[in-house]
Amino acid sequence: MLRTTLERNPNFLGVYTAWEPGAFDAKDARFASSAGSDSTGRFIPYWSRNREGKVSVEPLVGYEDTTRNETGGRKGDYYLLPREQKKECIIEPYVYPVQGKPTLMTSLVV
């Protein structure tokens, strides 16, 4: 569903979903280091489009990072703010690696 959403919306850079540990299917360990999961198996797929239009999936990074970024927000605000506030959020612009390249972006998250 995420890949299709990205492919059908050429103005989107990426789409993702992030689940608390064990919350997706309680089988995190089974999916450790698989596509869209981190080394713990947590389901955190980030589908993105690079500058050439290639679409690929990788696990999210920095979503729990509370370190302040260059604009004063926390590096993980794209995940932390909606979780803490329990409502939709528009995140101030920040730099995030997209397919290995630092990219300035903002996020609209629910």
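**Exercise 1.** Find the salt-bridge partner of Asp-77 and say whether the two residues are buried or exposed.

*Solution.* Start with the rule: a salt bridge is a side-chain nitrogen of Lys or Arg within 4 Å of a carboxyl oxygen of Asp or Glu. Asp-77 pairs with Arg-74, with the closest N and O atoms 2.6 Å apart. A quick note on the numbers: this is a predicted model, where local features need pLDDT of at least 70, side-chain atom pairs count only at pLDDT 80 or more, and totals for chains, interfaces and linings use all residues. Residues are numbered from 1 along each chain as its sequence is written, and side-chain values use heavy atoms, with hydrogens and water left out.

Next, check burial (buried is under 20% relative accessible area, exposed over 50%, partly exposed in between; 1.4 Å probe, protein chains only). Asp-77 comes out at 10%, so it's buried, and Arg-74 is buried too, at 15%.

**Exercise 2.** Which other salt bridge does Arg-74 form, and what does the pair tie together?

*Solution.* Look at Glu-84: its closest N–O approach to Arg-74 is 2.9 Å. Glu-84 sits in helix H2 and Arg-74 in the loop between S3 and H2, so this pair ties together parts 10 residues apart in sequence. (Helices, H or I with at least four residues, and strands, E with at least two, are DSSP runs numbered from the N terminus.) Glu-84 is partly exposed, at 44%.

**Exercise 3.** Where do Glu-20 and Arg-83 lie?

*Solution.* First the distance: their closest N and O atoms are 3.2 Å apart, which makes a salt bridge. Then the location: Glu-20 is in the loop between S1 and S2, Arg-83 in helix H2, so the bridge ties together parts 63 residues apart in sequence. Finally, zoom out: Glu-20, Arg-42, Glu-64 and Arg-83 form a linked salt-bridge network.
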